[in-house]
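Thanks for coming. I will go through one chain today, from a single residue up to the whole. Please have a look at the sequence and the model first.

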Amino acid sequence: MRDKINFIALGGGQRVGASCYYLRLGQSNLLLDCGVGSVGHFPFEPDFYPLLQSPFIQSLSQIDQIFISHAHADHVGGLPSMLARVGKEIPVCMTQMTAMLSQYQLYDKNFVGSLKADESARLAVKNMLEHIVPVSYFQTMNFGTYKATFFPAGHIPGAMMTLLEYRGRNILYTGDYSITDTPLTTGCILPEDLNVDTVILCGLHAKHPNFHKKTYAMYQTIQKIFQLLDEGKSVYCCTHQLSKGVEFLKILNEKCQEFHREDPIFLEETVMNIVGKLEGLSIPIVTAHNYSIQNRRTGKPHIVLGGRSRSEIPRNYERIDADFSLHEDFAEMAQFLKKMNPKWAVIVHCGSEKEGESDEDTIEQYLMRDADCRTQFLFAEEGEIYTL
């Protein structure tokens, strides 16, 4: 058992939300991400009970390292409560950009300016953020029995893939990734000669062979916004995830410039704050026609970008949902796996089958027909112990 590699999905197995994966490399205990999820309006966190009942650890204080792939809540949101349970500092490795975005996700929007904030919770999150270990792309860290190297994952700014080298084996945890460029970042970058034995792959669409990215849908949304403005109506663009809101703003600005439009775009405080942080890290987003919502002094048709619920949006606005997928589609996942050609692919963060699809409509069944593919697949169930 001392040299074995064991894996448990504590959340985000064959569902989306609360991504958290335990990886045991010999005697080293690692966590890959620690997020939150929700069903309806009810949040849920990773379930650590199966791990604590396993033969590996008896207390979460025995976790040696935590690696956070990116700053979306379903990958980082469970970190404060997990560390509060531990009662000691555990090194949490993430990129500087992810640390900045995580500070906004976990601290700024919950505690800054809040009169109802729980002081002990605020201090706990603040202490956690102060002890983050910042890492850089292509950096290798030696932890004694294993090494970790970090690569750009695409998806959102700061997202990283983590390559773990242990006793001659290479294990790659992808986190959420993209192989093509997104509005704010390039696609993932990995060495051409990288030899991977096992990929722990966040495969949202691994069971959705008919899912294809509909990039044109975003442009249709923008076209609809321009049409409403030309009809003399103001538009409220609703974004439920801040990073998507910023990316939508980036594309909206580009299209306004392309068509020589000067429509005022007002940003609510939540969007304005995250835009400011990204601009401070040299990611250009805003234009001369973007304004804070506090400076709204116009009677002409305009756009407001924010995250209000439907009931909170003023009646004189037309509502448009600014929603789109940053995840790889089925074909891109197949392309990624064929290029990596690992011995094993552990599929997690996996959405359930959609109507009209069956258990046979998976990335595994698709790649089985490829004569050059050597990969065996494991669709990890939460709470089960696997030996890799």
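When I say contact, I mean heavy atoms within 4.5 Å. This is a predicted model, in which local features need pLDDT of at least 70, side-chain atom pairs count only at pLDDT 80 or more, and totals for chains, interfaces and linings use all residues. Residues are numbered from 1 along each chain as its sequence is written, and side-chain values use heavy atoms, with hydrogens and water left out.

Let us start with Thr162. Which residues does Thr162 touch, leaving aside those up to four places away in sequence? They are Phe67, Ala148, Thr149, Phe150, Ile171, Leu172 and Tyr173. Thr162 is buried, with a relative accessible area of 2%. Buried means under 20% relative accessible area, exposed is over 50%, and partly exposed lies in between, with a 1.4 Å probe and protein chains only. Thr162 sits in strand S11, residues 160–166. Strands here are DSSP runs of E with at least two residues, helices are runs of H or I with at least four, and both are numbered from the N terminus.

Leu172, one of the residues that Thr162 touches, has Val199 in S13 as its bridge partner. Strand S12, residues 169–173, runs parallel to S13, and three bridges join them. Two strands pair if DSSP finds at least two bridges between them. S13 also pairs with strand S19, residues 344–348, in the parallel sense over five bridges. There, Cys202 stands opposite Val348.

Why is S13 described as largely enclosed by the rest of the structure? Because five of the five residues of S13, residues 198–202, are buried. In a regular strand the side chains alternate between the two faces of the sheet. In S13, Thr198, Ile200 and Cys202 are on one side, Val199 and Leu201 are on the other, and all are buried.

Now the whole chain. The secondary structure comes to ten helices and 21 strands. Of the 388 residues, 55% are buried. Among contacts with a separation of 6 or more, 73% are between residues 24 or more positions apart.

As for size, the C-alpha atoms fill a box of roughly 70 × 55 × 35 Å along the principal axes.
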